[in-house]
Amino acid sequence: MISEKLRVRLTYIAMSAFVTWHTLAMVLAPAPESDVTLLARQALQPYLTFFRLDNQWDFFAPSVGEGSRLRYDVQDRDGKVHAFMPAAELRWYHPNFLWFRSWYYRIIDDPDNFAESAGVIFCRKHAALRPLAITFYEIQEEKFTPEDFAAGKQRMDKDFFSVRMLRGMRCPDP
Amino acid sequence: MSLIRNIQAALTKLAEVWWLIWFQPATTAPLELARIGIGAALLTHYGLATPYLADFWGNAGWMPLRMLDQEYNNNPLVQSLLFYFTAPWQLYLFHYVFLGCCLAFMLGWRTSWVKWFVLIAQISYDYRNPMFFYGVDKILAGLLLILCLAPIGRALSLDRVRAIRKAKRRGGLDATVPLFASEWTTACTRLMQIQMAVLFFYSGISKMGGEDWRAGEAVWTVFTTDEHYSLFFLNLFASHFWLVNFATYGTVFIELAYVFLIWQRLTRPFALAGALFLHSCFALLMGLLYFSFVMMMGHMSFVRPEWLARLGAWWKHRIGPMEMIYDGRCGFCVRSMTWFLAFDGLAQISVRDFRADPSPHVSDAQLEKHLYLVLPDGRALPGFEAYRYAVLRVPGMWWMIPFFYVPVLSRLIGTPLYNWIASNRSRLSSMMRLSPKPQH
């Protein structure tokens with residue numbers, strides 16, 4: 001049996017050890033790389049990974065950057081091309097806005113792995129058009145300054161974006 | 001010898017300061033605010049994901065399991081229950097259990113174990129589909145872990161209501177449960193505060209590394225991107241560009257100043273107000289509702305328990321004392337009062353058993369028919385009207401307002417229902433085998 005005083009002291013030591021550990025984890029996870037942080041990371045990494053705490057708090061930083069959008073063109077069996085901007089269907093107040101955009105960004109970033117499954121879904125969505133093929137594009141926004149705006153130019157004027165083809169594929173037979 | 005004594009004294013002083021920072025007992029109220037808000041946010045967010053469950057987290061959805069191997073390099077520490085629950089019915093069951101737990105977490109029902117499932121499920125969703133992982137999930141992971149470690153559910157919760165109800169059933173209607181306070185609560189509150197301060201510090205510092213933030217133009221760029229495009233703001237900013245500079249530098253200033261000003265007693269209210277203002281702007285102007293709300297809940301850890309206590313005291317004083325007079329011989333009445341008064345967290349309502357202690361305001365003959373609520377100005381409201389008056393003025397009972405204040409309908413149904421129960425209370429008591437316990 002341990003005495004009450006010792007039990008209390010051990011409890012405080014355990015609590016102190018944990019708060020020190022967790023504080024270190026919170027402070028070092030987003031810290032820039034250095035010899036010290038790399039060394040500390042070796043001990044902290046399993047804890048950070050397991051509890052999903054390994055985060056950089058770099059919202060809109062270091063640079064806000066220009067945006068990009070996903071576009072896909074569906075070619076029907078008569079050879080006619082229909083262009084779609086899927087993000088235009090989303091409403092800002094619904095969480096869909098984030099979920100679907102995240103998917104579109106993933107298709108843009110990694111078309112080799114994500115465009116094909118997305119193509120199947122979009123071809124099915126536009127089955128009424130009798131789709132034959134689908135092609136994905138990235139619309140990369142370019143800098144749009146206040147001077148441009150004051151000169152009456154529009155954000156979606158073709159001077160302010162570039163188009164990059166990501167991947168094309170045949171739609172699966174219905 | 002004196003050197004050793006000095007070292008000993010210094011160490012003792014250090015231990016005292018350490019204790020003051022981390023372990024000075026405090027109540028859980030600030031953490032409970034965070035719990036309620038985060039629970040509500042999770043419930044809404046994931047509830048709205050229900051129609052897309054299979055697309056988002058199913059194996060035939062946007063992120064098949066095989067893709068995750070390359071994403072995580074087979075790291076065994078990356079774990080998600082959804083790696084194992086792959087059948088659609090398992091996914092749906094998991095999701096509905098999670099939503100139920102979020103509701104329970106928000107209400108503070110069985111909090112001590114529900115909170116762990118909420119944390120595990122949140123991490124499971126995050127790891128199962130990393131494409132959705134963005135700012136709010138990052139902060140949620142940090143806050144939920146701290147809430148799990150903290151002894152939450154002891155205030156502003158159904159668990160507290162249950163504890164008070166139990167005390168009243170054992171010790172009479174006057175009995176109550178003292179507010180829970182502990183050393184570990186302070187430690188967890190402090191951890192959450194540090195989490196928020198670290199977040200703001202790194203967020204501010206990383207912005208200062210960007211050319212558009214240093215030039216004071218970042219806010220313009222934000223509103224020109226597709227995600228946050230706003231013709232209204234571009235119009236406004238183009239003609240008043242100083243607003244862009246002000247908003248850009250203001251954001252960085254608030255984030256960095258917060259880290260230093262939030263700890264002092266005098267400056268905390270201003271730093272907190274600044275942070276809440278910043279997040280309100282993110283929510284309203286940029287549409288980042290979920291993110292901003294969760295961040296605000298994180299900031300709740302800086303709300304001092306004494307602010308809440310003062311707010312409660314002000315409210316209690318404003319409403320004035322209320323006395324509920326009941327029939328102590330009626331077991332059913334006592335049981336109902338036990339339930340009802342368990343929600344009176346500020347102890348605004350005192351009770352009087354007219355059988356043992358006759359009221360100077362209401363006659364026994366009147367009290368034979370109805371329960372009465374005596375108001376500060378001496379007026380006495382009978383039966384349904386008594387409850388109706390109380391639920392609007394006791395914060396813990398506000399959830400009952402929809403039942404008592406539906407125009408016409410509440411009175412139309414409530415008054416005869418109460419009257420029927422009041423006139424049949426002896427029968428109800430014996431039917432339910434409720435004998436009154438002696439009240440103290």
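A salt bridge is taken here as a side-chain nitrogen of Lys or Arg within 4 Å of a carboxyl oxygen of Asp or Glu. The model is predicted, so that local features need pLDDT of at least 70 and side-chain atom pairs count only at pLDDT 80 or more, whereas totals for chains, interfaces and linings use all residues. Residues are numbered from 1 along each chain as its sequence is written, chains are lettered from A and ligands numbered from 1 in the order in which they are written, and side-chain values use heavy atoms, with hydrogens and water left out.

**View 1. A salt bridge in chain B between B:D377 and B:R379.** The closest N and O atoms of B:D377 and B:R379 are 3.0 Å apart. B:D377 is exposed, with a relative accessible area of 52%, while B:R379 is partly exposed at 46% (buried means under 20% relative accessible area, exposed over 50% and partly exposed in between, with a 1.4 Å probe and protein chains only).

**View 2. A salt bridge in chain B between B:D327 and B:R425.** The closest N and O atoms of this pair are 3.1 Å apart.

**View 3. A salt bridge between two strands of chain A, formed by A:R69 and A:E141.** The N to O distance is 3.0 Å, and because A:R69 lies in strand 1 (residues 68-76) and A:E141 in strand 3 (residues 131-141) of chain A, the pair ties together parts that are 72 residues apart in sequence. A:R69 is buried, with a relative accessible area of 12%, and A:E141 is buried at 1%. A:R69 and A:E141 also belong to a network of salt bridges that links them with A:E66, A:R101, A:R155 and B:D226.

**View 4. The disulfide of A:C123 and A:C171.** The sulfur atoms are 1.9 Å apart (a disulfide is a pair of cysteine sulfur atoms within 2.5 Å), and the torsion about the S-S bond is about -60°, so the disulfide is left-handed. A:C123, in helix 4 of chain A, and A:C171, in the segment after strand 4 (161-170), are 48 residues apart, and the pair links distant parts of the chain. A:C123 is buried at 5% relative accessible area, and A:C171 counts as buried at 6%.

**View 5. Cysteines of chain B, with B:C330 joined to B:C333 by a disulfide.** The S to S distance in this disulfide is 2.2 Å, and the torsion about the S-S bond is about 85°, so the disulfide is right-handed. Both B:C330 and B:C333 are buried. The sulfur of B:C148, by contrast, is 10 Å from the closest cysteine sulfur, in B:C188, which is too far for a bond; B:C148 counts as buried at 3% relative accessibility, and B:C188 is buried at 0%.

**View 6. The contact between chain A and chain B.** The contact, which means heavy atoms within 4.5 Å, takes 59 residues from chain A and 73 residues from chain B. Three salt bridges are counted between the chains, including that of B:E71 with A:R106, whose closest N and O atoms are 3.2 Å apart.

Note on methods
Helices (H or I, at least four residues) and strands (E, at least two) are DSSP runs, numbered from the N terminus.
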